[in-house]
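Have a go at each one before reading its solution.

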Amino acid sequence: TRAPAAAVAALLASAADRAAPCFDGTPAALLALRTGSHGGLEALLQAGLDPAARLRPSGLASPSLLHLAAAAADATSLQLLLAHGAQPNGLDESGRPPLSLLPAGAEGGEGVCAAAEVLASHGARPELARGWEESQGELVRRAAQSGVAAHRARREVPALPAASAHPLALRAAAAAWCPDDSSATCMCCGTPFAQLAGLFDSGKHHCRLLGLLVCSGCSAHRAVLKAGEAPARVCDAAHSMLRTLEAASRPLAARRRERRAEGRGG
C-alpha cells in the first residue's frame, strides 16, 4: 500500500483536480481511504473535497466516504470527514447509517471502539442503527455511549468567520435553503417528521447554515452565523464544520499548543 499512498501525495502536490480519478479510474479520495493515506485525505478535504461525495469507481453502488471509513473502522478518516461536514447519521443506499457498517462483534478490536466513539462524539445516534447494539460487544457499546455523552455535553457556540475563503466557508455560502415542503424526512438521518411531531413542535427545523430540513435530534447545537445576532440552530455536520473553521482561523502556535494539551489529556 505504500506506493499508492505516495502516489496520492504526489497527485496532491501537483495540484491536480481533487475530483480527478487516478490510475484505473479510482477517485483520489477512495485511493486515500484504501491505502490509509490520512494525509492525502486531509489534503483533499482542505482543498474542498465534499465529504458527502458518493463514489462510483466501477459503476456499481455509491457509498459515501464516511460509510467506507466506518466499514474499515478507520477512526482517523472518520474524524477528518466528520470535521469537514460529513453527516454522522447519513444513510447509504440501503438505508444504513455509518454506525451500522462498523465491523460486528470482536472484529477490529480497539479500532472499532475508537471508530464508534468518534462517530458518536459528532452526533451519530446508536438508536438509529437498528440492531447495532445487539451485534456489538460491551466495549464497543461503552465507547459509543462515551461519544454520545461527549456530544451532548458539548457547549461550544462557534462563529462563522466573516469573508472567509476557506473551502468550508465557501460551501456554506453556496448552500441552498430548502423549502418547508421539500422533504417529509430529516435530511440528516432520514427520520420521518410525522413520527416526531408533537403538540407544540412540528418536529421539523432548518439548519440555519446549510439550509437543510432537520429534526431536533440532528440539530441540538447552536452557532453564531452573523456578528451581533443570537446563536442559531445548526445541524451536527454544520456545527462540526464551524468548529473546524474556528480552529483553522487560530494562529498555528495556538493550535499546536492545543494538540499537545489534547495528547497529554488522552
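Predicted model: local features only at pLDDT ≥ 70, side-chain atom pairs only at ≥ 80, totals over all residues.

**Exercise 1.** Work out how the axes of helix 2 and helix 3 are oriented to each other.

Solution. Start with the axes, lines fitted to C-alpha atoms over the stretch in contact, with angles from 0 to 180 degrees between N-to-C directions. For helix 2 (residues 28–35) and helix 3 (residues 38–46), they come within 8 Å and cross at roughly 155 degrees. Helix 2 is therefore roughly antiparallel to helix 3 (the term covers angles over 145 degrees).

Residues are numbered from 1 along each chain as its sequence is written, and side-chain values use heavy atoms, without hydrogens and water.

**Exercise 2.** Do likewise for helix 9 and helix 10.

Solution. The axes of helix 9 (residues 167–174) and helix 10 (residues 236–249) cross at roughly 140 degrees and come within 9 Å. That makes helix 9 oblique to helix 10. The crossing of helix 9 and helix 10 is left-handed.

**Exercise 3.** Describe the lining of the second largest pocket.

Solution. List some lining residues: among them are Asp 50, Arg 171 and Met 241. Sort the lining by type and you get 5 nonpolar, 2 polar and 2 charged residues. Finally, check the domains: domain 1 (3–155) and domain 2 (167–263) each supply at least three residues.

Methods
1 Å grid on protein atoms, 1.4 Å probe; cavity = no way out; pocket = protein on both sides within 12 Å on 5 of 7 lines; lining within 4 Å. Nonpolar A, V, L, I, M, F, W, Y, C, P; charged D, E, K, R; others polar. Domains from an automatic or database assignment. Helix = DSSP H or I, 4+ residues; strand = E, 2+ residues; numbered from the N terminus. Parallel < 35°, antiparallel > 145°, perpendicular 65-115°, else oblique. Left-handed = near helix turned anticlockwise from the far one by under 90°.
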